Amino acid sequence: MVKSQETPVKIEHAGIDETTRNMLQQLKIVTVIGSGTMGNGICHVFAQSGFNVHMMDINQSALDKALVTIGKNMDRQVSKNTLTEEQKQQSLSRITTYTDMAEAVKDADIVVEAATENIDLKIKIFQQLDQLCPERTILATNTSSISITRIGSFTKRPGKVIGMHFMNPVPVMKLVEIINGYATVAEVTNLVYRLSEYLGKVPCIVNDYPGFISNRILMPMINEAVLALQEGVAGVEEIDTIMKLGMAHPMGPLQLADFIGLDTCYSIMNVLHMGFGAQKYAPATLLANMVQAGYLGVKSGEGFYKYTPGSKELVVAERFQNKSWKI
Ligand SMILES: NC(=O)c1ccc[n+]([C@@H]2O[C@H](COP(=O)([O-])OP(=O)(O)OC[C@H]3O[C@@H](n4cnc5c(N)ncnc54)[C@H](O)[C@@H]3O)[C@@H](O)[C@H]2O)c1
């Protein structure tokens, strides 16, 4: 454990109402489980908002890397004058790192789990959290696709289990999709809603159905883009350009799939396919083949595009450079 000083949280956001202030005052310690891409971003926004954050990972090197990433991301805010150097130092001093879950959660008021997306792992983590956390602790998960109701059913406190789905990159993206499990109680939803607003986010509450709202709509769009490519309707560049310029999307669906990770897209399509039992959610064969062959997008160096370290140029992967769509 690497200890930082723990100071009382002062909730004094301008315009915040009395009820919200009283509710948020109960949240003195926030534990984040997993310090990867999402976990470090979640720690960043909580610490910047004045909360004492316990950042826990099984891997010390992931924790070290997360602290460096948070520092660098805060430096970017300092250079843009959205954070002062002093605020940066104060925020970083609120983060304490742990590799021991029992230590990290023993005084937690809320836990946000952001470990690897794997159902068996999440169930195991929630069973441990249920045993190790005080009775009052709210257990939130950042899962992209796993049922909140199912995760909650493995605990003795399903009423206090909720989805708190941040978007990547967390310090930048405004949305928090709050997912109510079947048993989640209204007080918990209300608190998590107000907390998300206090973090400077825009929360939207949805119910627990496969893919929630974000991935139920996004992933079939990505899958349809892959199907269109597979059928030879258009090339990678054409599909992405049509969606960018025609629909004002900041990024085309194939580039976005590479960014998210094709394995993640494939796994979420499988959750939708199994959860709804409808053929329209079947993952594209091309997507399945690419995942099985290890072409996962940015993280593996190639997906629909080829990624060269140090280069920001967007180059279509050679196997998709078929010019038959061009004049
Ligand atoms: N990456 C995204 O764009 C994105 C967006 C929204 C939601 N999510 C969700 O967020 C969660 C985390 O995703 P990520 O992209 O940050 O993953 P990641 O692979 O970057 O990080 C996962 C971290 O969890 C740690 N971990 C694994 N088992 C653990 C355990 N038992 N206890 C503590 N830590 C453990 C790993 O060491 C790793 O550091 C997943 O549920 C994912 O679906 C991801």
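Is alanine 248 buried or exposed, and how many other C-beta atoms lie within 10 Å? Alanine 248 is exposed, with 7 other C-beta atoms within 10 Å. A residue counts as buried if 20 or more other C-beta atoms lie within 10 Å of its own, exposed if 12 or fewer, and partly exposed in between, with C-beta atoms placed from the backbone.

Before going on, a word about the model. It is predicted, so local features need pLDDT of at least 70 and side-chain atom pairs count only at pLDDT 80 or more, while totals for chains, interfaces and linings use all residues. Residues are numbered from 1 along each chain as its sequence is written.

**Two helices**

Helices (H or I, at least four residues) and strands (E, at least two) are DSSP runs, numbered from the N terminus. Here are two of the helices, with the expected span taken as 1.5 Å times one less than the number of residues.

| Helix | Residues | Number of residues | End-to-end C-alpha distance | Expected span |
|---|---|---|---|---|
| H8 | 186-198 | 13 residues | 18 Å | 18 Å |

Let's take H8. Its buried residues are Val188, Leu191, Val192, Leu195, Ser196 and Tyr198. Looking down the axis of H8, these buried residues fall within an arc of 155°, so they line one face of the helix. The arc is that of the directions from the helix axis to the C-beta atoms. There is a simple background to this: an α-helix has 3.6 residues a turn, so residues three or four places apart point the same way. The cover over the buried residues of H8 includes helix H1 (18-25) and the strands E5 (138-141), E6 (161-166), E7 (175-180) and E8 (202-207). Contact here means that the C-beta atoms of two residues, placed from the backbone, lie within 7 Å. Just after H8 comes glycine 200, with a positive phi of about 90°.

Now for H10, where Val236, Ile239 and Asp240 are buried. Seen down the axis of H10, they fall within an arc of 90°, so they line one face of the helix. They pack against helix H9 (214-230), helix H11 (253-260) and strand E10 (315-316). On the face turned away from the buried side of H10 sit the exposed residues Leu245 and Gly246.

H10 is followed by alanine 248, the residue from the opening question. Alanine 248 lies in the loop between H10 and H11, and its phi is near 60°, a positive value in a residue other than glycine. Phenylalanine 212 also has a positive phi, of about 55°, although it is not a glycine. You'll find phenylalanine 212 in the loop between E8 and H9, and with 22 C-beta neighbours inside 10 Å it counts as buried. Then there's the peptide bond from asparagine 168 to proline 169, which is cis, with omega near -5°. Proline 169 is in the loop between E6 and E7. As background, most residues other than glycine have a negative phi, and most peptide bonds are trans.

**The cores**

A nonpolar core is a set of buried Ala, Val, Leu, Ile, Met, Phe, Trp, Tyr and Cys residues joined through C-beta atoms within 7 Å. The largest one has 54 residues, and those with the most contacts inside it are Val32, Ile42, Cys43, Val111 and Ile162. Helix H2 (residues 37-48) gives this core its largest share, six residues. Leaving out residues up to four places away in sequence, valine 32 touches Gly39, Ile42, Cys43, Val53, Met55, Met56, Val112 and Ala114. There is also a second, separate core of 26 residues, which includes Ala225, Val226, Cys265 and Tyr281.

**Around the ligand**

The ligand is surrounded by 25 residues, and the closest are Gly34, Gly36, Met38, Glu117 and Asn168. A residue is near a molecule if its C-beta atom, placed from the backbone, lies within 6 Å of it. H2 supplies the largest share of this shell, three residues. By class, the shell has 11 nonpolar, 12 polar and two charged residues. For this tally, Ala, Val, Leu, Ile, Met, Phe, Trp, Tyr, Cys and Pro count as nonpolar, Asp, Glu, Lys and Arg as charged, and the others, Gly among them, as polar.

**Serine 35**

Serine 35 is in the loop between strand E1 (29-33) and H2. It is buried, with 31 other C-beta atoms within 10 Å. Not counting residues up to four places away in sequence, serine 35 touches Asn40, Cys43, Met55, Asp57, Ala62, Leu63 and Ala66.
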